[in-house]
Amino acid sequence: MDYRLVLGLVLFVDAIFTGVEDFHRHAADAVMNARETRVFDPTLPTSFRQTTWKDIVVGDVLQIKKYEAVPADMLLLAVHETDPSAPVGMCFIETKSLDGETNLKIRQALPCTFAQLHDPASIGHLPGRVACEHPNHDVNNFMGRFEPGDDASVIPLDLKNVVLRGCVIRNTPFVYGLVLNTGSDTKIMQASHKTPTKLSKAIEIINRGNALLMMIMLLLCVLGAVWDQAWVTSSSPSYLLLDEPSVRLGLNAFRGDVMGICIAFGYYWVLISSFVPITLYVSIAIVKSYQSYFMNRDLGMYYAPSDTPAAVRNADLNDELGQITHIFSDKTGTLTANEMNFRKMSINGRSYGRGSTDIGRATAMRTGRMESVTDCQASTGDAAHPPHVEFLDPHGLFARDRATRDGHADAIEAFLTHLSVCHSVVLERDDVTNTTNFSASSPDELALVAGAAYFGHQFTERSNGRAVVHVLGKGDVEFQMLELIEFTSTRKRMSVVVRALDNRILLLTKGADSFILLKEDCNAYLKEKTVEHMEMYAEEGLRTLVLAQRELDQDWYHTWSTQYKQALSNLDETSPSYKLDLLVVERLEDEMECDLELLGATAVEDRLQTGVPVAISSLMRAGIKEETAINIAFACQLITNDMDRLVLNMEFCQSNPEVLKKLMLDKAHRTRTSTIKQRSSKSLELTKQALVIDGPVLTMVYHYPLLKFLFLELAQQCAAVICCRVSPKQKAEVVALVKNNVKNCRTLSIGDGANDVSMIQEAHVGVGISGHEGMQAVNASDFAIAQFAFLQRLLLVHGHWNYRRMSKLVLYVVYKNILCWFALYVLSLYACGSGTVYMNYNWLNGYNVFWTFLPIMILAIMEQETSALTAQDHPGLYHSGPQGDLLSVQIFTEWVFEALYEGVVCALVPVLLMGSISSSGYAYTIYDCGGLCYTALIVVGWVKLVLNAMSWNAGMHFAMWATVPFWIASGVVLSNSFTSDSSDHVFPYLLSLPEFWMLLFLCVVLALFRDFVFKVWKREWAPEYYHILQESDRYKLKGDIEWDPPLHVSNYKPFHVDFSHYLTSELHALPGSSRLNAGFVKEYMHCCWYQVFVGWSAPFGLTDPCPFGTRDMREGGFQNHGHHLSLDDWAVDTTLGEASTKHWEYATKFRDFKKVDVSTTRWKKPSGMQRKINKVVGRCVRRRRWVFKGIIHRLVDDVVEGQSTDAHQDAIEQVAKELHREQLDEEAAMGVPGIPRVAHDVVEDEDDDAPHDGDVTLSSTLE
């Protein structure tokens, strides 16, 4: 048997499958790189030529047309101007592929360039240079400067001047941009990582199981070699001619010495080498390819509107889909359909609009409230509506009130006028269809403007400081736009000042109720009714805004406008008075937005994709946790009204990490205490928790390692975690935190944009949605689907099936290999340890290929324990995967020992019970015994598979019932047509003997009777959940099958922190952070060294390099280690440790200090037993940090290269002053004025310390 051929076949097949997957990935990358754009070329009449994305270089000037994606990070030079005589240089861009937000962003071209580039030929004569930051992943910030060619002042650049790769140009025919970064240097690519190599959990278990098999092989080979030598030594058979020197000294296994044992060991190693199933990897690759074929063609995951089927991009992870414990989901485009619809409104204390939403129906169901008949009828109506409007008014209440001649009708007109004027929506004309569409900086604004148009106030034009609204029955009405106060996350409102046709000056304001209602001057009844209506809308999951107005005095406005424009002109971010100037602007805005008249409120629905609530509900019932965004969490049923919610934002945390630590620590401690009580008292039900955290707080959490692990502890105790407005890098960090610290977890990330690529690559399994945000997420994913709802079928059906199939494939292939070769090993031992082979080598070579291959392959490809519909409707079936019920190292070991036992049975029954004479009167030979044993192996393996089969179909019936007859026919052919000494005419002779069939039956009974009894008992008296569902399907039982998920998951280990560490330790930020001020980067480089107590030696001595320790400081300090600095320049860092312990920090071993020193996402605490052992062997450590008192500073001026010497000197002096001030603060904290006492004095104090348990180690230099 040539094992090189088998190994070569394994590698060849695996290479084919890997190559096919890589080919598809490279093909997708090639499609992206082959996209075309236009680059400036002064030699052409058109000034621009077509080129591919991959050929763009830094410094090119590109022309990007409307609706085209930007291929590189570029500086916006100019935009197409409607009126070239009055250029504005502004355009809108769509950034949802970067940050997931559908609202449009405004970008401003350089003031010194957008007026000069009306002619494309002038691009080649544009002087100047650009200096900008190094490539980084921060998509929310940019810093640089533009230096014109003349003596003009330097123009600072920020994010509003830059268009990043992946953005889409909107509302302008084209823009010109200067390429700053390309390819992997772009911000969106910097936020991504190289596609990692992902291994399924099954492969990890196989690799660990193979280690077990290798140990068993070594043990068996040693046993066989010793047994062989013991028999030879005790028997000394004459036919071996052991007295002959040539035999005794030759290379054979019967020498009777150590060399003979080694030769026998090698012989047995070759004999049972197939113990480790090399063919298993080929079987897995073939099965997964067929699984992928069926998944790609599943109509249940086919999205007809876009003609998009599911796609398996990494077949190695098919079974991982059945073991997911945590899902990390993007919101925009993944859970939502990117559609905002105008639903309801409250005007002058009256509510208009009926119908219910998904969350409204869910809320009514939870609270036991019945929906009104009108809402139910309106929700099921088929009335057609324009885009972004779903206003339902079945009784015509709004039209009736609008037609009345009273003050309420005037309030309605004022409300609609407000909707049509107070916004930043612009009009876009489609050059292909010649139609006009709205483009908005916010999807809410688009819905509000569409709602106003639906009621007869259609916004038609905005240009040159005016807005035109076409009012039904009145024609075009023009408003002069005087001021625009934009919406910000701090203000939470926007305002416009307009002059109406009657020459009145009106302030129109809209925003959050928490801000607008405080500034209104209205009657209490109107305010109370409006708040009541908004609360009702909020319960239905609608997004609400308050509308108000104010009529301004002409003279007062002109005075205010003059002051406001002057204040805006004074704003300069580089100015020392910037904060004071900003306060002046905010004060003037507050003066304008007060004494408002309440008009009403609007309600807009953020529509979910079809099937999202059901999918998330099913996945949570399957035991999977989800992390996503907050504003649709209720509608997704991810958060419910009965959950306790903890919201962590900068306002709540007061921007203080100590406050955040206290809040998180208190919450985590109370929740863990409640969990412990619930474990001891099963009748106690815990209130589910939900955690909401925003991006700035998450940044703070990751800046302090102690907070990071506390956040993980808190998140693990919650049923849902909502992360709001986080960057792509933060998404990946959250995934990594769970992935690396929660034992036995399996994470899945799903998203549809380039901002989700890092998260998708970081997770164990990445799923990309081929939506509106391009193909970046799909190209980086392992699986691709068109809708989030398909994730339910992908996991609960295909994931569950594939996990069960792969578990059986792995266990059975290992089982049948051990069954065969251990039986061969037992027969070799029975033959006096000689290693005699009882079987034909042709039988052995065909064992895995012909006679045991087909049944397990058909089962692993086609078996379905339940139908797809049953698996999808009963998420409880999925629990077996995350818990590891079907495949683990323990289960692997159990199957190994079962195979060993059954191999013994199949070997010993023939040799012990066949006797010496057959019933036909002929003597048995060892070949007859081998034939019976081999047939028993095939039949026992076949019956074993039958007992473990969950379902039968045509393929299963064929594979099962054809296996044994095919072997018998093959045995006859091989015995008569391919004769050899070891199998001459064994078949069909054995088939005619009745004892052959009796012993064959006895082998099956002795080997598998316990399996049969256990499975009968299990199905009849202790059935699994799938047993009940199978009977329900078979007998057509109606009604849902009751099932309670396990109270405590057996295989899933949540992450816990050591609370005592947080009570005694201070928060310390990660080192290496730098601050930016006026273009200069200041780095604080206090040289830091850790002193380690080495006064007491340990049994194992020092294992880490020691720059210096207590003895070193007494005996000359740094000079002993090549650091020629005086110890008089060093002082103990009093910010670490406590004064009572002289600022020493303590740990079990030095690596434990990395919990707070290193920016790592993995924290492996030593176990209690390990800490005790460390203490016994003397590895308890202590350290304290020393800081160099000299002022060492370095000015990093790469960004400001070319500045004047005076500017450099001013910056140096500013840095020096700040460093000197910090040094004085440190000295004051030590309690000693001026220079602290020298190191010798502090070290001498250590001689008085009580001895500790042992030696310590020391860190390297930190800066």
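Trainee: What makes the length of helix α29 (residues 889–913) close to the expected one?
Mentor: Helix α29 has 25 residues and reaches 36 Å from its first C-alpha to its last. The expected span is 1.5 Å times one less than the number of residues, and for α29 that comes to 36 Å, so its reach is close to the expected value. Just after α29, G915 takes a positive phi of about 80°.

Mentor: A word on the source: this is a predicted model, where local features need pLDDT of at least 70 and side-chain atom pairs count only at pLDDT 80 or more, while totals for chains, interfaces and linings use all residues. Residues are numbered from 1 along each chain as its sequence is written, and side-chain values use heavy atoms, leaving out hydrogens and water.

Trainee: Why is α4 called oblique to α6?
Mentor: Helix α4 (residues 201–235) and helix α6 (residues 258–271) pack at an angle of about 135°, with axes 8 Å apart. Angles under 35 degrees count as roughly parallel, over 145 as roughly antiparallel, 65 to 115 as roughly perpendicular and the rest as oblique. The angle of α4 and α6 falls in the rest, which makes the pair oblique.

Trainee: Which residues of α4 and α6 meet, and what does contact mean here?
Mentor: Contact means heavy atoms within 4.5 Å. Among the residues in α4 are M214, L218 and V222, and among those in α6 are I261, F265 and W269. By class, this contact has 11 nonpolar, three polar and one charged residues. Ala, Val, Leu, Ile, Met, Phe, Trp, Tyr, Cys and Pro count as nonpolar, Asp, Glu, Lys and Arg as charged, and the others, Gly among them, as polar.

Trainee: What makes β7 and β8 paired strands?
Mentor: Two strands pair if DSSP finds at least two bridges between them. Four bridges join β7 to strand β8 (residues 144–147), so the two count as paired.

Trainee: Why are β7 and β9 called edge strands?
Mentor: The open sheet has the order β7-β8-β9, with antiparallel pairing. Both β7 (129–132) and β9 (155–157) pair on one side only.

Technical notes
Axes fitted to C-alpha atoms, helices over the stretch in contact; angles between N-to-C directions.
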